[in-house]
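Hello,

Here is the structure I promised to pass on to you. Have a look at it first, and then read on for what turned up in it.

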Amino acid sequence: MSKMSKIKNSLLKVLLILTMFLLVGCKKIGDKSANMSIIYGVMTLISLVLLVVYCVVISEKEIWFLMLATSIIVVNIGYLSLSVSKTIEEALLANRIAYLGSVFLPMAMFMIIIRTCSINYKKWMPNILLFISICVFIIAASPGYLDIYYKEVTLKDVNGCTILEKTYGPWHIIYLIYLLVYFAIMVITIVQAIVKRKSLSNIHSIILAGAVLINIGVWMVGQLVKIEFEFLSISYIITEFFMLCLYVFIQEQNNILAQNKKKENDVTEKIISENEISEILQGSFNKDNNYKDNNYLEKKLNVNRDIGNEQKELFVSGVKQLTPKETTIYECYLQGKKTKDIMEELHITENTLKYHNKNIYSKLGVTSRKQLRAYAEQYMQEN
């Protein structure tokens, strides 16, 4: 079993354990609300563990996932602190901590989605989103200083667990709009990526859609049903887990591509050109040259034949594995068509063409369009 397979199996086991815990742990929340503090504590611990797993498993770190994971940790610390607060000041401070994570989490999630879907964006866009998030956080953190977000807030003790009883102010709707807009553009981005085939694969699209829909569903339940427990803390953990799985899949795919490229480079380095072989056979090399040894030459030629046969088999079998769309693009390459012409003829974007190129190159064992044509011409002539 490969290392990546072991990692994926481990992640699935973690998800199963997490699901069982949530089903068992949350069952008694209505009877003993003091369990909320325990669950918030466990959620905080799990979020820390997931961050550590990401840092250990994923070789190329993504700043937006680190922002997402950190935000989830902050959210759960805020919920945990609020559940054990003894005074209104402590509760409001804990509430601000929770909002600090909740406000920046949608931004991180959105950036992960557009990067995974290979959607180009302006360099200034993250700065604008960050500025908007800071403004929303300032408004959400205003209770205790202003009454624009909460008109009135009091402490309520439920079986030893502290919760805030709130009367919303006129500016509370800003946070609701903020979340709804983010949820909407996330869904639109994923749907657009699926329709235009910009995302890396169907499994990636499913993971992204699942993460978004879980948060939307939990948030809507929280708006429609009065529940003392903040189920968003759980949905955020599930979101982080989904995103971690996404990065594992992406890393595995990149590793496969890198291995194919390395294999091709090794083949290229070992192949002796026909001209060089001819010169060796004719004795045109210097007498002091190592190639004068016939046994050495014979071994070298045999290696060359073995490598050539292996590459040929990989290429020929790869052509048979191409999808109809990939076959069309492959034939366009053989005809020498340019990228712009292919995009116009097939009505696809550059990102979509790059997506197909990765699959085509991987299946054929090549690293460039030039190499693809060279191998195709060689093997077509032989056949």
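**Salt bridges**

The count of salt bridges comes to 4. Please keep in mind that this is a predicted model.

One of them joins the side chains of Arg115 and Glu62, at 3.0 Å from N to O. Arg115 sits in helix H4 and Glu62 in the loop between H2 and H3, so this pair ties together parts that are 53 residues apart in sequence. Arg115 is partly exposed, at 41% relative accessibility, whereas Glu62 is buried, at 11%.

Glu326 and Lys363 also meet through their side chains, at 2.8 Å from N to O. Here helix H11 (residues 324-334) supplies Glu326 and helix H13 (residues 350-364) supplies Lys363, so the parts tied together are 37 residues apart in sequence. Glu326 is buried, with a relative accessible area of 4%, and Lys363 is partly exposed, with 22%.

A further salt bridge links Lys337 with Glu345, whose closest N and O atoms are 2.7 Å apart. Lys337 is partly exposed, with a relative accessible area of 25%, and Glu345 counts as partly exposed at 40%.

**Aromatic pairs**

How many aromatic pairs does a search of the whole structure find? There are 11. In one of them, the ring centres of Tyr54 and Phe65 lie 4.1 Å apart with the planes at 25°, so the pair is stacked. Tyr54 belongs to helix H2 (residues 35-57) and Phe65 to helix H3 (residues 63-83), so the pair ties together parts 11 residues apart in sequence. Tyr54 is buried, with a relative accessible area of 0%, and Phe65 is buried at 0% too.

For Tyr99 and Tyr149, the ring centres are 5.5 Å apart and the planes stand at 90°, so this pair is edge-to-face. Both Tyr99 and Tyr149 are buried. They also belong to one aromatic cluster, whose members include Phe110, Tyr168 and Tyr182.

**Core and surface**

The largest nonpolar core has 73 residues, and Phe65, Leu68, Phe110, Ile112, Tyr175 and Met243 touch the most other members. Beyond its neighbours within four places in sequence, Met243 is in contact with Phe65, Leu68, Met109, Ile112, Leu208 and Ala211. Apart from that core lies another, of 17 residues, among them Tyr330 and Leu346.

On the surface, Trp171, Ile173, Ile174, Ile177 and Val181 form a nonpolar patch with about 440 Å² of accessible area together. Ile177 lies in helix H6 (residues 172-196) and is partly exposed, at 45% relative accessibility.

Enjoy exploring!

Best wishes

Note on methods:
Residues numbered from 1 in each chain as written. Predicted model: local features only at pLDDT ≥ 70, side-chain atom pairs only at ≥ 80, totals over all residues. Heavy atoms only, no water. Patch = residues over 30% accessible without salt bridge, like charges linked within 9 Å, V, L, I, M, F, W, Y side chains within 5 Å. Areas by Shrake-Rupley, 256 points an atom, 1.4 Å probe, with all protein chains shown as cover. Helix = DSSP H or I, 4+ residues; strand = E, 2+ residues; numbered from the N terminus. Buried < 20%, exposed > 50% of the residue type's maximum accessible area, 1.4 Å probe, protein only. Phe/Tyr/Trp six-rings, centres within 6.5 Å; stacked < 30°, edge-to-face > 60°. Core = buried A, V, L, I, M, F, W, Y, C linked by side-chain atoms within 4.5 Å. Contact = heavy atoms within 4.5 Å.
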